[in-house]
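Dear colleague,

I am handing over the structure we talked about, and it is placed directly below. My notes on what was found in it follow, so that you can read them alongside the coordinates.

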Amino acid sequence: QVQLVESGGGLVQAGGSLRLSCAASGNIFRADAMAWYRQAPGKQRELVAKLTGGGNANYADSVKGRFTISRDNAKTVSLQMNSLKVEDTAVYSCYVDLRIARYWGQGIQVTVSS
């Protein structure tokens, strides 16, 4: 069984920074893709950043140049968020794709105030 636990969320002023971390338990390897999604109130969940098993990073256009996804080890993925905007306010969730199964974390709130 795989579990994902996010940390690092909170309240920050516009222009500030936050670093989210996701710690996974279970059989996860570097070859497994991990990602961050977010869902704002009244909106659909959207992909923020994804790191493939080969180490390639993909970002939503809205966060390119401001957010950086990184894999600290096989079971930890982080999201460095700089120059935060009010529209970045959302619940951010960690995700892992094991190909035979996919798992989500519970999500963590990020609130950016003006």
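A disulfide, meaning a pair of cysteine sulfur atoms within 2.5 Å, joins C22 to C94, with an S to S distance of 2.1 Å. The structure holds one disulfide. Because C22 lies in strand β3 and C94 in strand β9, the pair ties together parts that are 72 residues apart in sequence; helices (H or I, at least four residues) and strands (E, at least two) are DSSP runs, numbered from the N terminus. The link of C22 and C94 is left-handed, with -85° about the S-S bond. Both C22 and C94 are buried, where buried means under 20% relative accessible area, exposed means over 50%, and partly exposed lies in between, using a 1.4 Å probe and protein chains only.

Please keep in mind that this is a predicted model, in which local features need pLDDT of at least 70 and side-chain atom pairs count only at pLDDT 80 or more, while totals for chains, interfaces and linings use all residues. Residues are numbered from 1 along each chain as its sequence is written, and side-chain values use heavy atoms, with hydrogens and water left out.

Strand β9, which carries C94, is mostly covered, since seven of its eight residues are buried. Strands β4 and β9 pair in the antiparallel sense over seven bridges, two strands being counted as paired if DSSP finds at least two bridges between them, and here M34 stands opposite V96 in β9. Strands β9 and β11 also pair in the antiparallel sense, over three bridges, with V91 opposite Q109 in β11. The pairing of β9 with β10 is antiparallel over three bridges, and the bridge partner of Y95 in β10 is W104. Strands β9 and β10 form a hairpin with four residues between them, and R99 in the turn has a positive phi of about 70°.

A separate description applies to an open sheet of four strands, which has the order β1-β3-β8-β7 with antiparallel pairing. Its edge strands are β1 (3–7) and β7, each of which pairs on one side only. Neighbouring strands of this sheet are turned by 20° against each other on average, direction ignored; the axes are lines fitted to C-alpha atoms, for helices over the stretch in contact, and angles run from 0 to 180 degrees between N-to-C directions. Within this arrangement, β7 and β8 pair in the antiparallel sense over six bridges, and T68 stands opposite Q80 in β8.

On the packing, a nonpolar core is a set of buried Ala, Val, Leu, Ile, Met, Phe, Trp, Tyr and Cys residues joined through side-chain atoms within 4.5 Å. The largest such core has 30 residues, of which L4, W36, L79, M81 and Y92 touch the most other members. At least two residues of this core come from each of β3 (18–25), β4 (33–39), β5 (46–51), β7 (67–73), β8 (76–81), β9 (90–97) and β11 (108–113). Not counting residues up to four places away in sequence, Y92 touches several residues, including L20, W36, F67, L79, M81 and V110, where contact means heavy atoms within 4.5 Å.

Turning to charged pairs, the structure holds seven salt bridges, each being a side-chain nitrogen of Lys or Arg within 4 Å of a carboxyl oxygen of Asp or Glu. One of them joins D88 to R38, with the closest N and O atoms 2.9 Å apart. As D88 lies in the loop between β8 and β9 and R38 in strand β4, the pair ties together parts that are 50 residues apart in sequence. D88 is buried, with a relative accessible area of 1%, and R38 counts as buried at 6% relative accessibility. R38, E46, R66 and D88 are linked in a network of salt bridges.

D32 forms a salt bridge with R99, the closest N and O atoms being 2.9 Å apart. This pair links distant parts of the chain, with D32 in the loop between β3 and β4 and R99 in the loop between β9 and β10 (102–104), 67 residues apart. D32 counts as buried at 3% relative accessibility, whereas R99 is exposed, with a relative accessible area of 54%.

In the salt bridge of R19 with D72, the closest N and O atoms are 3.9 Å apart. R19 is in strand β3 and D72 in strand β7, 53 residues apart. R19 counts as partly exposed because its relative accessibility is 40%, and D72 counts as partly exposed because its relative accessibility is 38%.

With best regards
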